[in-house]
Amino acid sequence: MLAAAVRAHERLRVAGGRAMWPREARNLEQPSLASERSLCMLVASLRRAFADTLTSETPLRDLWAQEALRWALSSRVPHTAGRAFQLYRALLFQASPTDTLRVVNVMRQFAEDASSDLAGVGLLLEAVVTLDVSLRRTPRDQLLLVPAAMWALVALLGSQYGSIVAASARALRSLLGRV
């Protein structure tokens with residue numbers, strides 16, 4: 001654990017206050033982000049550094065995930081909300097039906113925003129990817145508790161944006177394969 005903490009500290013020190021990856025956001029031309037992998041690697045190194053406190057008895061990892069989801073759902077800055085969704089996915093171990101429904105509910109707003117604002121398309125993509133990950137990490141016996149997720153994905157199959165349709169279809173296929 002000490003070695004992992006030292007490596008995480010060194011990685012942050014080398015950044016020297018500069019951005020650790022480019023400022024990117026999902027959009028129609030860029031439905032996936034190269035920097036998301038770097039972000040996930042940083043989260044993994046921090047998880048290793050705090051491995052002793054991230055046990056199943058201690059809910060620190062869950063608290064971190066909940067805080068990331070709170071930022072994703074409430075931030076008024078699209079870039080911050082998108083990165084928070086990515087952090088949530090990187091930290092998430094097991095999704096609850098309640099959190100999955102919270103993602104579905106914010107997807108409605110993002111879908112409305114996407115009809116007039118391209119930043120809304122990027123956030124909707126982040127939310128769909130997050131919903132997909134949440135559903136894959138929801139215990140199989142609890143999937144039927146979130147029918148709104150399935151219907152939200154079905155509704156998005158009619159989107160005017162191909163990347164939204166593709167992400168929704170992938171998530172729906174994954175969900176239907178598990179029920």
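**View 1. Leu-124 and the residues around it.** Leaving aside residues up to four places away in sequence, Leu-124 touches Met-107, Phe-110, Ala-111, Ala-114, Leu-156 and Ile-164, a contact being heavy atoms within 4.5 Å. The model is a predicted one, so to speak of local features takes pLDDT of at least 70 and side-chain atom pairs count only at pLDDT 80 or more, while totals for chains, interfaces and linings use all residues. Residue numbers start from 1 along each chain as its sequence is written, and side-chain values use heavy atoms, with hydrogens and water left out.

**View 2. The largest nonpolar core.** This core has 40 residues, and Met-107, Leu-124, Leu-131 and Leu-135 have the most contacts inside it. Here a core is a set of buried (under 20% relative accessible area, 1.4 Å probe, protein chains only) Ala, Val, Leu, Ile, Met, Phe, Trp, Tyr and Cys residues joined through side-chain atoms within 4.5 Å. Two or more residues each come from α3 (60-74), α4, α5, α6 (118-136), α7 (147-156) and α8 (162-178), with helices being DSSP runs of H or I, at least four residues, numbered from the N terminus. The largest share, 9 residues, comes from α6.

**View 3. An aromatic pair.** The count is 1 aromatic pair, taking rings of Phe, Tyr and Trp (its six-membered ring) with centres within 6.5 Å; planes under 30 degrees apart are stacked, over 60 edge-to-face, the rest tilted. Phe-85 and Phe-110 have ring centres 6.2 Å apart and planes at 80°, so they sit edge-to-face. Phe-85 is in α4 (residues 78-91) and Phe-110 in α5 (residues 97-114), 25 residues apart. Both are buried.

Technical notes. Buried < 20%, exposed > 50% of the residue type's maximum accessible area, 1.4 Å probe, protein only.
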